[in-house]
Amino acid sequence: MKVLVTGGTGLLGARLVPRLAAAGHQVRVMTHSGRKVVGAGSITGDLLTGAGVAEAVAGAECVVHLASSPRAETQKVDVLGTQGLVEMARRASVPHLVYVSIVGVDRVPYAYYKAKLAAEKAVQAGAVPWTILRATQFFSYIDILLRDRAEVPVMVVPKGWRLQPVDSGEVAAKVMECVLTGARGMLPEFGGPEVTTSELLAQAWKAAHAVHRPLVALPFPGRVSRALGKGGATCPDNRFGRISWTQWMAGARG
Ligand SMILES: NC(=O)c1ccc[n+]([C@@H]2O[C@H](COP(=O)([O-])OP(=O)(O)OC[C@H]3O[C@@H](n4cnc5c(N)ncnc54)[C@H](OP(=O)(O)O)[C@@H]3O)[C@@H](O)[C@H]2O)c1
């Protein structure tokens, strides 16, 4: 199958693209920054301006939409960019679009999550048959955040956020299943095997990496923090991931 992966250079894309290519699919990655992914062709396309997007989707039998810009121009890239991508896919008669979203976008009042929810609606309102998969935070993402926090003498983490992270390789396997089965609408949320807290994740990370600097868990103010404390970004009934945080830190990958 000819598959276009937007954002195929990112954390999830890096696990999905080689998997698709190894299964014999013809994979193209759409990138706005020109980054390359081994084992796949690439094409330049920018969701912010729309440049190159029509060319990127042309001929695709499935578009997997992973591109996202949480830190800059989120409304334009994630919401308007998704609308534009869906419209270009319709014009190109693409038969299926898979969108990866985040567990809790409808429960946690975080600006980025609101944009993701609006992007989901753009996918649902479009004329291209769709599948949406919401996943919890990737271990690789939590690892980046904690590495960042360990750059300073005292590691400060939010206290009591309930989280259920998952291996992005296991999410990639689910996305690949979506590509093969065709449009299925809204899928059950996809979470990791353990519901835990931000401070327990950080403590385990410190132990796994023999980091000795002090860790302080502080209550973060605000509605987003309260929603995360109530488990708004978890899906305890959907523990589909098998690999635990400790196993992931020891090198296990799905
Ligand atoms: N990270 C998590 O924990 C997590 C959890 C659940 C769901 N998700 C969702 O899963 C998807 C993939 O997440 P990820 O963590 O793999 O993302 P990521 O590592 O941040 O990668 C996002 C990609 O988006 C592309 N991009 C950014 N701006 C763009 C633009 N203007 N035009 C075209 N492409 C653009 C970038 O590619 P180039 O720089 O090559 O253009 C980048 O590789 C996202 O939709 C995210 O919301 C993430």
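**Labels and the values behind them**

Mentor: This is a predicted model. Let's begin with Ser93, which sits in the loop between H3 and E5.

Trainee: Why is Ser93 called exposed?

Mentor: Ser93 has 12 other C-beta atoms within 10 Å. The label applies at 12 or fewer, so Ser93 counts as exposed. Its backbone deserves a look too: Ser93 has a positive phi of about 55° although it is not a glycine.

Trainee: Which residue takes a positive phi just after H7?

Mentor: That is Ala210, with a phi of about 50°, and Ala210 is not a glycine either. You will find Ala210 in the loop between H7 and E11.

Trainee: What makes Ala210 exposed?

Mentor: Ala210 has 6 other C-beta atoms within 10 Å. With the cut-off at 12 or fewer, Ala210 is therefore exposed.

Trainee: Why is Gly160 called partly exposed?

Mentor: Count the C-beta atoms: Gly160 has 16 others within 10 Å. Buried needs 20 or more and exposed needs 12 or fewer, so Gly160 is partly exposed. Gly160 lies in the loop between strand E7 (155-158) and strand E8 (162-163).

Trainee: What is Gly160 in contact with, leaving aside its neighbours within four places in sequence?

Mentor: Gly160 then touches Thr197, Pro219 and Gly229. Compare Leu218 as well: Gly160 and Leu218 are 58 residues apart in sequence, and their C-alpha atoms are 8.5 Å apart in space.

Trainee: How do you know that Gln247 is partly exposed?

Mentor: Gln247 has 14 C-beta neighbours inside 10 Å. That value falls between the cut-offs of 12 and 20, so Gln247 counts as partly exposed. Gln247 belongs to helix H9. Gln247 and Asp237 are 10 residues apart in sequence, with 21 Å from C-alpha to C-alpha.

Trainee: Which residues of H7 are buried?

Mentor: In helix H7 (residues 198-208) they are Ser198, Leu201, Ala202 and Trp205.

Trainee: How do you know that the buried residues of H7 line one face of the helix?

Mentor: Look down the axis of H7: the buried residues fall within an arc of 95°, so they line one face.

Trainee: What covers the buried residues of H7?

Mentor: The cover includes helix H5 (139-149), E7, E8, strand E10 (196-197), strand E11 (215-218) and helix H9 (245-249).

Trainee: Which residues come nearest to the ligand?

Mentor: Of the 27 residues around the ligand, Gly7, Gly10, Thr31, Ser33 and Tyr141 come nearest. By class, this shell has 12 nonpolar, 12 polar and three charged residues.

Trainee: What supplies the largest share of the shell?

Mentor: H1 does, with three residues. Helix H1 (11-22) and strand E5 (97-102) each supply at least two residues of the shell.

Technical notes: Residues numbered from 1 in each chain as written. Predicted model: local features only at pLDDT ≥ 70, side-chain atom pairs only at ≥ 80, totals over all residues. Helix = DSSP H or I, 4+ residues; strand = E, 2+ residues; numbered from the N terminus. Contact = placed C-beta atoms within 7 Å. Near = placed C-beta within 6 Å. Nonpolar A, V, L, I, M, F, W, Y, C, P; charged D, E, K, R; others polar. Arc of directions from axis to C-beta.
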